[in-house]
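Welcome, and please open the structure in your viewer. We will go from stop to stop, and at each one you will hear what to select and what to look for.

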Amino acid sequence: MSNHSQWNKEGNDTMHVIRNTEEISQYIGERETAVALGAFDGLHIGHRAVIREAVESGLVPVVFTFRDNPAERLGGRCRYLTTMEERLAIFESWGVQYVVMPDFSDVAAWPAERFLNLLRFGLHARVVTCGADFRFGKFAAGDAAWLARSCALRGAELHVVNTVQYKGETVSATRIRGAIERGEMEDAAAMLGRPFGFCFEVVHGNHIGHTIGTPTINQHFPERFILPRFGVYASAVHLGDRLCCGVTNVGVKPTVGSDRALSETWIPDFSGDLYGKSLRLELLGFIRDERKFPDLDALKAEINRNAVQARAIFNAYESGLSENNKQEKSAWKVYFDGGFWGRRSRERAGREIPVNKSFSWGGSAWRVPSVYVCGAGLVVDFCMEVEPERLKVFLDKWRAQDEAQLSDEVREQIEAENPLHPAFSAAAKLNGKTLTQHRWSGISWVPASYRAEDELPDEEAARALEHYGLDASRGWAMRRVSFPWATKRKPALRTLSLTLTQEPKPVPGPHFETPGTEQITLTHPVTGKAHTLTVQALEPQTADWKDHPFGAGWSLPEQYAMMTYTLSPDLSESEFSVRDCVRGDEPKAVRKPENAFLPEAHSDACIGVIGGADGPTAVFLTGKGKTEAPKLHAACSALHFEPAARIEWCTAFRVKTVPDQTVVCIGEE
Ligand SMILES: Cc1cc2nc3c(=O)[nH]c(=O)nc-3n(C[C@H](O)[C@H](O)[C@H](O)COP(=O)(O)O)c2cc1C
Ligand SMILES: Nc1ncnc2c1ncn2[C@@H]1O[C@H](COP(=O)(O)OP(=O)(O)OP(=O)(O)O)[C@@H](O)[C@H]1O
């Protein structure tokens, strides 16, 4: 589908065309689908509404149409608005996954029953979508009401889309054809949702154009393609990534004569050879009728006048486009790998499926407004509402603190108390299969009245609030989680439940000092159980920085102590930790570092025995020997240049205070 790139602004990665109804099961398998029905020539704004209904159903989106237009087969004269290639490209850009496209003649003789059975049992259509005035079958006897009853009998739902109107009348391919044949290009564009255009090969003409200073590209209209009103138009020509102004004559050029109607375009800003290329041209506005000129000089003068008129129309169109592009940039797009800040690769935006799930968990109100079907997996947005009062208490307590002066223990406490940073992990179950969290990102919203004077509102959070219609006078913590698909192919969303698990929160325990403490008793904040911590050994250590990453220009603190201890009854490392209350000494530069990017001595750099810049970390040692021996844990103190005479240790329990919560977002409760 590489030729379709100019349409690929959104949608799924690949679309398959099934030309033979016998091949349906091979492609669709047992997956449930949402099928949009119609002839779909022109792919106008009404068609878009019908197809969007299928695409946004969460099922596999399918279009059932015909290779040829039924109207033509039934005796009418069809003037196509779109070539097959353009139709497919637009279907794909709208997010359709399969286009079932038999010849009308193959299906025309089928009794309605056979067609309905194909929909339900061949295509596994759980949803069928069409417009309110949809007619089908012999003499157009089948209508939406009949289809609704027939679908219901087979366990499928018919979604009838409201008729899309323009200037008070229904938009239809027939109406658009009329507008194009009258040269009403602005009306045609409004109903199509894009300017009317075509993509045909550039062919040779009589080579007269360049002799009068207006070389043209000639494009022939294929048989059965619509012929716009004969005359001169302002046009937009796609030359690779460039959009150029063109002035186009559609007609038979009576001054010099032609045996067939064609489109001839002068592109004033281009010189070069375009023969043999397929170029997309859009007719933006009608300028005048085609006429016979007395000579080529008169024609030349008129073409130059028309080029000026065309430029004005093109400029207005282009500035509208850049306005649209700006809006599109600020449009709501969610990516599998992008978090709240756009995409990291070239992946396409996910398809939003509103689920509007509200629930309460851990004393807060939560919402999952939408999930997103992306190429690589599912993205879920969680929004937790934060009572402004709770936020105020937290901000009043901590806002005045100078962060640089805070100990790690206090930082951890702030983090644990921060109502805007809920600590949880999420798992998803899709169609019975578990999806595991791949990555997540979080943003938060502080209402205007709680923001510090110089604090700007979080832009991304503001956009999310607006998109989801959340109350900006409340606080919000938002988490976007990506789950890779558990299946090779992108599955349909039949059932989806989400499970939230609280991450253990640190609860500070007592401090103690070494040397001096041999044993202390700690009370578990949740179970109330007493645990005895016994210091087994305290040994001074010297760190070996032979291979340290700072380079030779630095002197590093080497002195620390290792304390080993036991706990009775024992707790695992994830339930309980001990660490030095103070931060270690910072490295000192002994001479100017050669690399300007290395930290200066007064920088924030802080090193630890294990765990990098966060400072020393506890080490867990499994007691060797007899299995009944108490487990030996170890904690390392901060690093100093001189051995510390006393070490103050702080303890912390990690506790889960809230049970897991599972919420059903799609499918049966
Ligand atoms: C903007 C534009 C307007 C034109 N208007 C007319 C017209 O009104 N009548 C006409 O006979 N030919 C018209 N022509 C066609 C010219 O006659 C034609 O471009 C010229 O003869 C060169 O033809 P060639 O490409 O076959 O050599 C127009 C062409 C252009 C590009
Ligand atoms: N303006 C519209 N609003 C909503 N749905 C529409 C509109 N026009 C067509 N549809 C629906 O789109 C599907 C495709 O319809 P179809 O291709 O027959 O469209 P059309 O534009 O009315 O064509 P024509 O004018 O050739 O009859 C059908 O389900 C039809 O009911």
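Is K253 buried or exposed? Keep in mind that this is a predicted model, then select K253: with a relative accessible area of 13%, K253 is buried, because buried means under 20%. K253 sits in the loop between β14 and β15 (262–266). Check the backbone here too: phi of K253 is near 35 degrees, a positive value in a residue other than glycine.

Now show ligand 1. There are 21 residues around ligand 1, and the ones that come nearest are N206, I208, K253, T255 and R291. Next, pick E264, where a polar side-chain atom lies 2.8 Å from a ligand 1 oxygen. For R288, the corresponding distance to an oxygen atom of ligand 1 is 2.9 Å. On its own, ligand 1 has 620 Å² of accessible area, and the protein covers 99% of that. Color β12 (216–220), β14 (242–251) and α10 (296–329), the elements that each give two or more residues to the shell. By type, the shell holds eight nonpolar, eight polar and five charged residues.

Move on to K167, in the loop between β9 (165–166) and β10 (169–170). Phi of K167 is also positive, near 45 degrees, and K167 counts as exposed at 61% relative accessibility.

Finish with two prolines. A cis peptide bond joins T514 and P515, and P515 lies in the loop between β25 (505–514) and β26 (519–523). The bond from S568 to P569 is cis, with omega near -10 degrees; find P569 between β29 (559–568) and β30 (576–580).

Conventions: Residues numbered from 1 in each chain as written. Chains lettered and ligands numbered in written order. Predicted model: local features only at pLDDT ≥ 70, side-chain atom pairs only at ≥ 80, totals over all residues. Heavy atoms only, no water. Near = heavy atom within 4 Å. Polar contact = N/O pair within 3.5 Å; in protein donor to acceptor, adjacent residues only side chain to side chain. Areas by Shrake-Rupley, 256 points an atom, 1.4 Å probe, with all protein chains shown as cover. Helix = DSSP H or I, 4+ residues; strand = E, 2+ residues; numbered from the N terminus. Nonpolar A, V, L, I, M, F, W, Y, C, P; charged D, E, K, R; others polar. Buried < 20%, exposed > 50% of the residue type's maximum accessible area, 1.4 Å probe, protein only.
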